[in-house]
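Keep the sequence beside you.

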Amino acid sequence: MSKRNFRLSALIVAVLLLTGIASGCGGLASNDIKIGLLNEMTGANATMGTSAANGAKMAIKEANAKGGVLGKQIQAVIGDNKSEPSESANAMTKLTAQDRVAAVTGVFASSNAIAASSVAEGSKVPFLAVGATNPKVTVDDKTGKVKEYTFRVCFIDPFQGTVGANFVLNTLNLKKAAILVDNSSDYSKGLLAFFKEAFVKGGGSIVTEEAYLQKDQDFKAILTKVKAANPDVLYVPGYYEEVGKIVKQTRELGITVPVVGGDGWDSPKLAEVAGAAALNNTYFTNHYSVDDTSPVSQAFVEAYKKEYGQAPDAMAVLGYDAANVLIDAIKRANSAEPGKIREALAQTKDYPAITGATTLNTTHDAVKSAVIIEMKEGKQVFKATVKP
């Protein structure tokens, strides 16, 4: 091969390599803008992660049908954190370093979101969490500083815990609480702390506090202690798999008092695990109710049913809202460059989301209302809306 031809071949190879690299950088030089959907697709919280992913995919599908954003189609890149913090960090690393997404949305569990946020911050890729409610998701626990690239579209546990405590004190009119906390979960421990603080401040007392771990199966030993303490309410800030078993075994031991919890309860599997009858006289705080009668909410519910053959849960709605907030930020940034998307996200104000007008505050959290859900014969029934 002559020197001239060798140089020409080398130039062509270099151009192809550079083109390939550019086409993977957040969709900047490709026909698509890549958005990562990182969720609990398998593992203990799979129903919630799948719902969040379904909501996001529906939002992306609708946006693409309207022409996409910035003249490009949006490509969803799926990541599975397997309901584990370490896998959440691994999946986020793949999305940011290998898939070169422009931004990431998803994640329900706070422990998984905290792990994912560490990678997002290091990679300088915007991460918009869906349902992770622990304050440590957006604020560094060690420094107290707001994480630059991490945001969320849901309310946080200081609000949710207070709502739950006030509901028990002022609506159920109960004063003696027993608490079961998942010691392996940042979400459960955080929600417990805020509920406990508000409950005691409001005149209630904690008669016993027992701990369990995620994936535990038999809770009768700690529930026997609960029964001996004679509470008039049981507070269980956990996830649906363990909560379902706890409620079932609570009723089997003859404990008939109300059981109250948080948004981690929201899954169709809760009734499957606990049994419909056992769930009577139970309540939980949540982000959304399908009983919302607003036209925009009902239109979403019908569209989701048509797309997936079932009614949406709160995680589906939050997944949909988060993807739309992210798409809106890309439009306002007029760029798929991660830094500019981050700036636009920080300026989000009064976005008309299904779960309510969404403004991201100085700690990158959404300020919005909560709802109280009552379980009746295995079905969710809207009870009340509580504003911040």
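Predicted model: local features only at pLDDT ≥ 70, side-chain atom pairs only at ≥ 80, totals over all residues.

Residues are numbered from 1 along each chain as its sequence is written, and side-chain values use heavy atoms, with hydrogens and water left out.

Start with the open sheet. Its 7 strands follow the order β7-β6-β8-β9-β10-β13-β14, and the pairing is mixed. The edge strands are β7 (205–212) and β14 (379–386), each pairing on one side only. On average, neighbouring strands are turned by 25° against each other, direction ignored. Strands are DSSP runs of E, at least two residues; helices are runs of H or I, at least four; both are numbered from the N terminus. Two strands pair if DSSP finds at least two bridges between them.

Now look at β13 (residues 370–376). It runs antiparallel to β14, and 7 bridges join the two. I372 has A384 in β14 as its bridge partner. Helix α6 (residues 186–201) packs on the sheet, touching β6 (176–182), β7 and β8 (233–235). Its direction makes about 165° with that of β6. Axes are lines fitted to C-alpha atoms, for helices over the stretch in contact; angles run from 0 to 180 degrees between N-to-C directions.

Finally, find V290. It lies in the loop between β10 (282–286) and α10 (295–308). Leaving aside neighbours within four places in sequence, V290 is in contact (heavy atoms within 4.5 Å) with Q298, V301 and P312.
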